Amino acid sequence: MKVVTDLEAALKGRKVFVTGHTGFTGGWACLWLRSLGATVAGYSLPADTAPSLFAVAGVEAEMHSSTLGDICEYAPLLDAMRKFEPELVLHLAAQPLVRRSYREPLLTFQVNAQGTAHVLEAARSTGSVRGVVCVTTDKVYRNNEWPWPYRENDPLGGKDPYSASKAAAEMVIQSYAASYPFAEGKGPAIATARGGNIVGGGDWSEDRLVPDFVRSVVDRTKLTLRYPEATRPWQHVLALVHGYLLLMAKLLGPRPQDYARAWNLGPQELKHYPVREVLELMSSEWQRPELEFMNNPLPEAGALALDSSLARNLLAWQPAWDTPRVIRETAAWYRNYYAAPDTAKAFTLGQIDAWRKDIAA
């Protein structure tokens with residue numbers, strides 16, 4: 001209970017500027033921040049799916065302001081941040097899709113690397129900002145297809161444009177932290193969060209297993225699988241948002257410099273779940289779609305896992321739900337939405353409350 005109480009005490013009444021607030025993770029983050037009593041402003045492109053969590057869960061109604069803008073354009077981003085005068089910045093805006101990065105590599109690098117530089121420069125140029133949490137990915141590591149998990153001090157890299165652009169964003173972040181050190185008052189404290197494959201209700205993105213599953217069930221179409229035996233660090237979106245909130249709270253604490261570093265936020269389970277088994281779990285919670293397999297899919301990592309010992313020991317961060325529970329809660333969200341779409345906001349807030357209670361148990 002103390003972890004939950006400390007988190008709420010740290011963030012209640014704080015002003016938080018969220019990039020990418022119209023996205024799937026952004027929607028969950030904004031709703032949780034508002035439930036803690038934080039004041040939230042968002043800056044993002046319009047939601048790129050219809051439906052979207054931002055729309056169906058009424059996220060905008062909970063916010064102080066919602067500005068539509070592109071982080072690749074620096075001047076309006078700086079203007080929006082300075083007008084709001086936040087204490088914290090949660091940087092979620094990104095081009096997050098591996099397969100899209102092959103189609104649009106220039107856009108991917110512009111958003112993920114140059115866009116991150118814009119956000120950090122705007123934060124440095126806004127005197128009220130004390131801390132920035134930049135969200136990257138587990139895919140920033142140079143993937144050697146090892147059977148053991150990656151740690152924060154392992155080499156960065158990336159073969160596909162998405163992974164490389166996120167590794168480049170990490171280099172931008174390291175440069176800002178070193179060039180404008182918080183300890184000397186030259187910039188905000190900066191933390192990086194590297195998470196795994198996020199699942200949860202309200203995601204309708206392309207080329208992701210759970211949204212593809214949902215579309216197949218709802219539209220009665222075939223589900224196309226690319227790499228059924230590939231393993232991923234599957235985790236509920238609330239596990240990652242919980243980590244982001246803990247980091248923001250620590251960056252406002254008495255020793256922010258101790259937390260201004262990179263953090264892995266991966267599942268705590270020893271078992272690694274392949275795509276095929278996650279599909280089986282979803283099917284058992286809803287219904288089984290007809291399958292087909294993609295010929296000659298674009299290259300993707302076959303095995304990927306994170307060592308989150310640092311976050312567990314120093315942040316007291318611990319996912320509340322194991323993978324079967326994560327899939328069960330995710331399927332429940334979608335079943336509820338398609339049965340009663342007007343209750344999406346209440347159902348989302350209910351899952352946030354359930355997570356918080358399970359953390360405190």
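A crossing of two helices is left-handed if the near helix is turned anticlockwise from the far one by less than a right angle, and right-handed if clockwise. The crossing of α2 and α9 is right-handed. This is a predicted model, in which local features need pLDDT of at least 70, side-chain atom pairs count only at pLDDT 80 or more, and totals for chains, interfaces and linings use all residues. Residues are numbered from 1 along each chain as its sequence is written, and side-chain values use heavy atoms, with hydrogens and water left out.

The axes of helix α2 (residues 24–35) and helix α9 (residues 237–251) come within 10 Å and cross at roughly 55°. That makes α2 oblique to α9 (angles under 35 degrees count as roughly parallel, over 145 as roughly antiparallel, 65 to 115 as roughly perpendicular and the rest as oblique). In the contact (heavy atoms within 4.5 Å), residues of α2 including Trp28 and Trp32 meet residues of α9, among them Tyr244 and Met248. The contact residues divide into 11 nonpolar, 2 polar and no charged.

Aromatic rings pair if their centres lie within 6.5 Å; planes under 30 degrees apart count as stacked, over 60 as edge-to-face and the rest as tilted. The count comes to 13 aromatic pairs. Two are tabulated.

| Pair | Centre to centre | Angle between planes | Class |
|---|---|---|---|
| Tyr141 and Tyr150 | 5.4 Å | 15° | stacked |
| Trp286 and Tyr338 | 6.5 Å | 40° | tilted |

Tyr141 is buried at 2% relative accessible area, as is Tyr150 at 1% (buried means under 20%, exposed over 50%, partly exposed in between, with a 1.4 Å probe and protein chains only). Trp286 is partly exposed at 22%, and Tyr338 is partly exposed at 35%.

Note on methods:
Axes fitted to C-alpha atoms, helices over the stretch in contact; angles between N-to-C directions. Helix = DSSP H or I, 4+ residues; strand = E, 2+ residues; numbered from the N terminus. Nonpolar A, V, L, I, M, F, W, Y, C, P; charged D, E, K, R; others polar. Phe/Tyr/Trp six-rings, centres within 6.5 Å; stacked < 30°, edge-to-face > 60°.
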